[in-house]
Amino acid sequence: MSTETTLILFKPDAVSQGLVGTVLARYEKAGFKIRGMKLMELSDELLAEHYSHIADKPFFPSVRGFMQETPVVALALQGENVITRVRDLLGPTDSKEAAAGTIRGDFGDKGEDAKMRNICHASDSPEAAADELKRFFNEGEII
Ligand code: ADP
């Protein structure tokens, strides 16, 4: 067991449907603690960095447009093994493949955008979490 902090983004589909509180309650019920939280508008530059691993995919412009539909809520969340446990709470990228009871299974798009409109981003490794927390939070914003 190790205490970790992960970077979560509530994507525009969560924000526009008023699902931030509902999903945040799941993280808090799981015992995780809020260490930083803010509303942000994501620039092209920040999205190119954050999604550099998919920047050459044909669907990247759609993802960029989606992530700029509304501001997103960035959350620094701390807890025991929070990185893998939050990924388990979320379910797989494709909301149609996500089981009922997972966040993406319960709230993600079940139509043609099921692979994109999937409610939250969460860091997928300790290395990614460290990079992403630095990218989205300034010094002093994680308490
Ligand atoms: P995850 O967010 O589950 O770690 P990835 O890092 O592979 O998934 O992809 C980043 C984001 O890009 C996904 O969460 C999703 O919003 C979008 N995405 C991934 N694959 C596709 C796809 N085939 N079509 C449309 N959007 C996608």
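**Strand pairing and overall build**

K38 has A74 of strand β3 as its bridge partner. The structure is a predicted model, in which local features require pLDDT of at least 70 and side-chain atom pairs count only at pLDDT 80 or more, while totals for chains, interfaces and linings use all residues. Residues are numbered from 1 along each chain as its sequence is written, and side-chain values use heavy atoms, with hydrogens and water left out.

Strand β3 pairs with two other strands (two strands pair if DSSP finds at least two bridges between them). Strand β2 (residues 33-40) runs antiparallel to β3 over seven bridges. Strand β1 (residues 3-10) is also antiparallel to β3, over eight bridges, and F10 stands opposite V73 in β3. Seven of the nine residues of strand β3 (residues 72-80) are buried, so the strand is largely enclosed by the rest of the structure. Buried here means under 20% relative accessible area, with a 1.4 Å probe and protein chains only.

These strands belong to a protein with seven helices and four strands, where helices (H or I, at least four residues) and strands (E, at least two) are DSSP runs numbered from the N terminus. The order from the N terminus is β-α-α-β-α-α-β-α-α-β-α.

Of the 143 residues in the protein, 45% are buried. Among contacts with a separation of 6 or more, 74% join residues 24 or more positions apart; a contact means heavy atoms within 4.5 Å. The C-alpha atoms fill a box of roughly 35 × 35 × 25 Å along the principal axes.

Technical notes. Buried means under 20% relative accessible area, exposed over 50%, partly exposed in between (1.4 Å probe, protein chains only).
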